[in-house]
Every structure is written in structure tokens, then in C-alpha cells.
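Okay, thanks for having me, everyone. Let me put the structure up and then we'll walk through a few spots.

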Amino acid sequence: MKKNFKLWLIVILCLLVLPMFFSARVVIPVEETVFNDWNKNSFWYYPWGKSGVHKGIDIFAPEGRNVLSAAKGIVLFSGENKMGGNVVAILGAKWRIYYYAHLQSFQVSPGQWVKQGEKLGQVGTSGNAAGKPPHLHFSVATLLPYPWNWDNSPQGWKKMFYLNPDRLLWKSFGKTEINLKR
């Protein structure tokens, strides 16, 4: 019994510590899209329907185009919810949760390990995107809050738990605020 406890303790500690050391670089999560396929100013845009503010970016692409994992990690959830429709949530490096919504369909299951660039599903119009142009809603939340992100915007205190996906993508491609050119 004591051996099993020690083994489980080691496993749990590894699961808690190891994600901190993975690379946090991300790739564009929709195949064959470029930086102009989303509005860089849509993150934390207000007002935005029932959610109040837009906690991600919408990457527009033809329906059925492949959605790829922006980062390696473990699938926490794949299924359906009212607003996001068909969704996938992945826990990746630095305790970041990558959220993919409005999928036409998905091909991953909870507990599955995915590599960066691995196919998760296809762009669609599920959930509250019905009747709108096909797109992927992509957001990145963190379990380790960034208090300096807190501002006086609507729901500003929640902003410390979200990262701007547009900036993460640009940073992964070696761009900075100064040299961002679209």
C-alpha cells in the first residue's frame, strides 16, 4: 500500500510539474490560414452577445477545413456545449487551456495526448455560430493568472485568466509589437 501511494504521488507531481517545462510556442490552429484570416482586435471586444466580452479570436475559413492543435497537450474535453457547439479543450504548457469551438466535428477524446499540428476536427458553424460564416473560435485560458492583465473593461478581472491568442501566435513567429506587419 505504501509503495502504491509513493508511486501515485510521484505520478501526480510529474503531471503537475512537467507541463511547466513544455514549449509554449503555438501554431495557427486552422490549416492553410494566415494572420489576415482573423481580426486582431476581436480579443476582449465588448459587447459580445451573452458572454459579454469576446474571450478569443475567430479564425475564418471554409467549412470542413482542418482544425489543428495549436500546442501539444492532453485533451481535457471534447463534446458539445450550448454556446460553443462542438468543442475541444486541451491542457498544454504553462497550464494553458486551448479552447476550440464551433467545430463541424472532432476526432479526439478526453485523456488523449495530441501533438502540435495534429488534426482535432474541422471548421464549422455549431453552437451560437449557426447562420454565421464558418470559423473557429480559438481562445487560451490559463490556470496561473496574470494579474497585470486585469483592467477596467467589462469583466476585466476575468481577463487575467485569458491570453490574447493573436499576440501568442505572433510571438511564436518571432514578431513583436513593434514589427507586427499584416
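**A histidine, a helix and a patch**

Let's start at His 137, which sits in strand E10, residues 135–142. Strands here are DSSP E runs of at least two residues, helices are H or I runs of at least four, and both are numbered from the N terminus. Quick housekeeping: this is a predicted model, so local features need pLDDT of at least 70, side-chain atom pairs count only at pLDDT 80 or more, and totals for chains, interfaces and linings use all residues. Numbering runs from 1 along each chain as its sequence is written, and side-chain values use heavy atoms, with hydrogens and water left out.

So, is His 137 buried or exposed? His 137 is buried, because its relative accessible area is 11%; buried means under 20%, exposed means over 50%, and partly exposed is in between, with a 1.4 Å probe and protein chains only. Its side chain makes polar contacts with the side chains of His 54, at 3.2 Å, and Asp 58, at 3.1 Å. A polar contact is an N or O pair within 3.5 Å; within protein, one must be able to donate a hydrogen and the other to accept it, and sequence neighbours count only if both atoms are side-chain atoms. Leaving out residues up to four places away in sequence, His 137 also touches Tyr 99, Tyr 100 and His 102, among others. Contact there means heavy atoms within 4.5 Å.

E10 comes up again with helix H2, being among the elements that cover the buried residues of H2, along with E3, E7 and E11. H2 spans residues 165–172, and six of its eight residues are buried, including Leu 168, Leu 169 and Trp 170. At the start of H2, a side-chain oxygen of Asn 164 comes within 2.9 Å of the backbone nitrogen of Asp 166. After H2 comes Gly 174, with a positive phi near 80 degrees.

Now zoom out. Of its 182 residues, 42% count as buried. For contacts with a separation of 6 or more, 62% are between residues 24 or more positions apart.

Last stop, strand E5, residues 73–81. Phe 77 is in E5, and Phe 77 counts as partly exposed because its relative accessible area is 37%.
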